[in-house]
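User: Hi! Could you show me how to read backbone and domain features in a model like this one?

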Amino acid sequence: MERTAKQIHNLIINAQNIVLVPHQNPDGDALGSVSSFSYYLISLNKRHYIFCATPASSKLQTLPHLIEPNNSLEIWKTQPDLIIVLDSGDLKYAGIDQIISNLTHEYLIINIDHHNSNTNFGQHNLVIKNASATAEVLYHFYKYNNINIDKNMALSLLTGLITDTDNFTNGATNTSSLKIASELIHRGANFNFLKNWFIKDKSILALKLWGTVLSRLSKHEELDIVYTYLTKNDFNNLEINENEIEGIANFLNNLGEGRASLILKELSNKKIKGSLRTTNDNIDVSVIAKTLGGGGHKKASGFVLEGTLEEVLKKVWEAVAKSEKKK
Ligand SMILES: [Mn+2]
């Protein structure tokens, strides 16, 4: 791990033009990770861009330390020699699989991530699957290379940790994430500012949507999984972004019932997005998501399938039953 971190650092030192890529619909870990990296590249005076296939939520953009990514395809015409993908299990999740396959110049891909389903798609892969966040992987990267973590970098990394541990409450929270968070705070990251920003993040409209979702909670008794769903009509007239759904999915971890929870969301073009969560050590939701063509972590994963809500729900139950048999 240390060797890979040092190799990557050498490549950065020698690079002419770098593109940083967080995953699509970037969350606090994806944006926090690219922002901390951007601050570091600025300190090195390195020419670089941050490309994201979709815009970041307007809510996250209100955090002044997070750097707004750019979705202009013109970036790729600058022929970056180094493409650094952060917080993505594969290039499709990052939203750049098509773009990469059309590149004709020479480049290297660097993959820095913590997803259990990571496919090691880079020429260099710094992947720590038991890390709570990509921010944690980057913390180690900076340490291995004796890079000073300044205040802005610390605040960006702490944003990633808070996001992926759901305010230090979910299964990804461990001694390592808490220890790193404490050092980041020591380095000037304002925990109270971030904590309040993340906790006081609900609007009246959003909570009404929560009410709808929660009123539909059901349980598959045999498989012991709690589930609910959102139709297109539910949020057609509301300005609700992807992260809101993640928030509900994470909240379902508070349930004392069921081994895992599932929330299905109807997308446009007849597709359904599923988010799986658990705090139970005896179930690995990344295995279920993988069977359904998705991916993620042992305790939090997701997938997108074609079909109606009923059809997709049926496929999920089949995937759960299949993953149980394998054991
Ligand atoms: Mn992450």
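This is a predicted model: local features need pLDDT of at least 70, side-chain atom pairs count only at pLDDT 80 or more; totals for chains, interfaces and linings use all residues.

User: Does Asn 45 count as buried or exposed, and how many C-beta neighbours does Asn 45 have inside 10 Å?

Analyst: Residues are numbered from 1 along each chain as its sequence is written. A residue is buried if 20 or more other C-beta atoms, placed from the backbone, lie within 10 Å of its own, exposed if 12 or fewer, and partly exposed in between. Asn 45 has 6 C-beta neighbours inside 10 Å, so Asn 45 counts as exposed.

User: What is the phi of Asn 45, and where does Asn 45 lie?

Analyst: Most residues other than glycine have a negative phi. Asn 45 is not a glycine, yet its phi is positive, about 65°. Asn 45 sits in the loop between helix H2 (28-43) and strand E2 (48-50); helices (H or I, at least four residues) and strands (E, at least two) are DSSP runs, numbered from the N terminus.

User: What about the phi of Asn 120?

Analyst: Asn 120, not a glycine either, has a positive phi of about 50°. The loop between strand E4 (108-113) and strand E5 (124-127) holds Asn 120. With 12 other C-beta atoms within 10 Å, Asn 120 is exposed.

User: Into which domains is the protein chain divided?

Analyst: Domain bounds come from an automatic or database domain assignment. Here they give domain 1 (2-199) and domain 2 (204-326). The contact takes 11 residues from domain 1 and 14 residues from domain 2, where contact requires C-beta atoms, placed from the backbone, to lie within 7 Å.

Definitions and conventions: Two residues are in contact if their C-beta atoms, placed from the backbone, lie within 7 Å.
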